[in-house]
Amino acid sequence: GSLFVWADFSKYLKEDSEQGQEQLWEEIYRNSGVLLTPGAGFGHNKKGLFRIVHTAVPLDHLAAAMTRLEKYLGTGNG
């Protein structure tokens, strides 16, 4: 098993569609280096839900990833 949280980044979508979600997913990864998993692969219909898995990650690595994610989304780029 794994431990994870669902993050709702739907407010950052440029359009509420599969393409909009994929675009956001790629932009987050390209600009922050944080790889999330879109919720569509888990049966979610709402666009902009992403799974953050934190099972086997040292706490300092998780903190660094969340800082990069926060910095990117907080700049208005997301």
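Is lysine 14 buried or exposed? I looked it up, bearing in mind that this is a predicted model. Lysine 14 comes out exposed, with a relative accessible area of 54%, and the cut-off for that label is over 50%.

**Entry: the partner of lysine 14**

I checked what the side chain of lysine 14 meets, and found a salt bridge with glutamate 27, at 3.1 Å from N to O. Glutamate 27 sits in helix H1, residues 18–32, while lysine 14 is in the loop between S1 and H1, so the pair ties together parts that are 13 residues apart in sequence. I also looked up the cover on glutamate 27: that residue is buried, because its relative accessible area is 13% and the limit for buried is under 20%.

**Entry: the other salt bridges**

How many salt bridges are there by this rule? I got a count of 3.

One of them joins the side chains of lysine 46 and aspartate 8, with 2.7 Å from N to O. I traced where the two come from: aspartate 8 belongs to strand S1 (residues 4–8), and lysine 46 to the loop between strand S2 (37–38) and strand S3 (49–53). That makes it a link between distant parts of the chain, 38 residues apart. Lysine 46 counts as partly exposed at 43% relative accessibility, and aspartate 8 gets that label at 41%.

Another is made by glutamate 18 and lysine 47, whose side chains meet at 3.1 Å, N to O. Glutamate 18 is in helix H1 and lysine 47 in the loop between S2 and S3, so this pair ties together parts 29 residues apart in sequence. I noted the accessibility too: glutamate 18 is partly exposed at 43%, whereas lysine 47 counts as buried at 16%.

Next I went through the aromatic rings. A pair of them is described by how far apart the centres are and by the angle of the planes. My search of the whole structure gave 4 aromatic pairs.

Among them is phenylalanine 9 with tyrosine 12, an edge-to-face pair with 6.1 Å centre to centre and 70° between the planes. Both phenylalanine 9 and tyrosine 12 are buried.

Why is the pair of phenylalanine 9 and phenylalanine 50 called tilted? Their planes are at 35°, with the centres 6.0 Å apart, and that angle is neither under 30 degrees (stacked) nor over 60 (edge-to-face), so tilted is what remains. I see this pair linking distant parts of the chain, as phenylalanine 9 is in the loop between S1 and H1 and phenylalanine 50 in strand S3, 41 residues apart. Phenylalanine 9 is buried at 11% relative accessibility, and phenylalanine 50 is buried at 0%.

I then turned to an aromatic cluster, which Phe4, Trp6 and Phe42 form together. I looked up Phe42 on its own: its place is in the loop between S2 and S3, and it is partly exposed, with a relative accessible area of 42%.

What sits over the ring of phenylalanine 4? I found the charged end of arginine 51 there, 4.4 Å from the ring centre.

Definitions and conventions
Residues numbered from 1 in each chain as written. Predicted model: local features only at pLDDT ≥ 70, side-chain atom pairs only at ≥ 80, totals over all residues. Heavy atoms only, no water. Salt bridge = Lys/Arg side-chain N within 4 Å of Asp/Glu carboxyl O. Helix = DSSP H or I, 4+ residues; strand = E, 2+ residues; numbered from the N terminus. Buried < 20%, exposed > 50% of the residue type's maximum accessible area, 1.4 Å probe, protein only. Phe/Tyr/Trp six-rings, centres within 6.5 Å; stacked < 30°, edge-to-face > 60°. Lys NZ or Arg CZ within 6 Å of the ring centre and 35° of its normal.
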